[in-house]
Amino acid sequence: MDSIRIVGGKPLEGKIYISGAKNAALPLLAASLLTDETLTLGNVPHLADITTMANLLSQHGVNISLNGEQKLGGTGRVMELKASNVSNVTAPYDLVRKMRASILVLGPLLARCGQAKVSLPGGCAIGTRPVDLHISALENLGATISIDNGYINANAPNGLRGAEIVFPVVTVTGTENIMMAAALAKGQTTIVNAAREPEVVDLANCLVAMGARIEGIGSDRLRITGCDRLHGATHSVIPDRIETGTFAMAAAITDGDVELIGAKMEHLNSVARVLSKAGVSVTETKHGLQVCRVNGLHGVDVMTEPYPSFPTDLQAQFMALMTVAEGASMITETIFENRFMHVPELQRMGANITVHNASAMVRGVAHLNGAPVMATDLRASVSLALAGLAAKGETILNRIYHLDRGYERLEEKLAACGATIERIRAAA
Ligand code: EPZ
């Protein structure tokens, strides 16, 4: 397995181009199942998870072509998807277990074909990650669903019918699955307590471009009036706000000064507010966001909550930043039950962190020390990379396949800003 070697202590200076959002691109790819016409997506990031989703869709019968040149703005690739016919309604375990977001084919398959057989995704490092809310919502839309041998067997031979769906907790992919299913259901569906993440809004905007009728986009109450069919469309993936926040914290932890090209402040207001309190300036430029420290770093308390509050996907990165801030920071994780696996690795680098249940008390230290560390999940792994950029000495980050799932060419982007960072290829 590849690893990444970092020698810390270099302030990041220069520009970083922000890629298209992974968590917008994944549902957008799945939406191709909803029509027999071509869905053209621009600014698609080049990530392992995108490849996994493309492979999954291909085995459903979706024809996918990639053309390198970028016609639609942004830095990503243009992907054309055409599901003329869906030849297979089964999403197999060996693909689904690689990426939980595979659950996003469940709603579209059911809506388009009246049936779907999707492997239960199973848990992952950060939690049990149930999909019970997806299942109960689809049953409300008229599907008959059973769980057999680890697979969700869903049937709606007479099609889906609109209903009122009330989510007891905000679920991002749950909202996305139901929005896609409801777009082809008979009648009206209301989703109460819908997720408001920019990635959900991006999917809704693309579905509208495909002919769907959706009201309340961006609010926690969505009203979808089903259509008989959807048509093709052209849509560009929004920039990745989590990548933006990650590189903003990389600039801050190294006391650097970086322009994040393509980043949108509107998606990061809660993060910018927290960073400002921590002594980090985030200002809009003509091409994106400029990030640098104002003076020193100060400890700030943070609680992760659904959008528009502070995102759970930036919790680990913010914790790395707080390990070298002046004072203390109480970080509370309210979304997932096991999202502190970066803590023991940061402690090995000299961080002073105490965990009590869902809260971590971080007391700033003068500096971290480089060490060999282990990545456990996507965001924990990048948090260790940030710590390595600031630490004295060498850090070796192992199991970086986690990183490749969500960050496009991370070491190249950081090296271009002066970091001493390289990928060490495992012996074949
Ligand atoms: C999405 O996951 C993201 N993934 C996650 O990003 C992100 O951390 C998460 O939303 C929260 O923002 C994608 O968009 C592909 P949820 P999702 O359903 O949809 C509980 C990353 O690093 N829940 O919003 O799976 C669940 O256990 C990934 O890019 C149920 O109980 O998350 C959690 O406590 C990690 N039953 C809470 O809801 C369900 O049926 C929120 O989960 C569904 C969810």
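This is a predicted model: local features need pLDDT of at least 70, side-chain atom pairs count only at pLDDT 80 or more; totals for chains, interfaces and linings use all residues.
Is Glu394 buried, exposed or partly exposed, judged by its relative accessibility? At 39% relative accessibility, Glu394 counts as partly exposed, where buried means under 20% relative accessible area, exposed over 50%, and partly exposed in between, with a 1.4 Å probe and protein chains only.

Residues are numbered from 1 along each chain as its sequence is written, and side-chain values use heavy atoms, with hydrogens and water left out.

Let me turn to the salt bridges. Side chains of opposite charge can pair when their charged atoms come close. A salt bridge here is a side-chain nitrogen of Lys or Arg within 4 Å of a carboxyl oxygen of Asp or Glu, and by this rule the count comes to 17. One of them joins Arg5 and Glu394, at 2.4 Å from N to O. Arg5 belongs to strand E1 (residues 3–7) and Glu394 to strand E23 (residues 394–398), so this pair ties together parts that are 389 residues apart in sequence; strands (E, at least two residues) and helices (H or I, at least four) are DSSP runs, numbered from the N terminus. Arg5 is itself partly exposed, with a relative accessible area of 24%.

Another salt bridge links Glu259 with Lys15, at 2.8 Å from N to O. Since Glu259 lies in strand E15 (residues 257–261) and Lys15 in strand E2 (residues 13–17), parts that are 244 residues apart in sequence are tied together by this pair. Glu259 is buried, with a relative accessible area of 9%, whereas Lys15, at 48%, counts as partly exposed.

Now to a sheet. It is an open one of 4 strands, in the order E4-E5-E3-E14, with mixed pairing, and two strands pair if DSSP finds at least two bridges between them. Strand E4 (63–67) and strand E14 (233–236) stand at the edges with a single partner strand each, so one side of each is left without a neighbour in the sheet.

Within this sheet, strand E3 (residues 38–44) and strand E5 (residues 77–82) pair in the antiparallel sense over 5 bridges, and Thr38 stands opposite Lys82 in E5.
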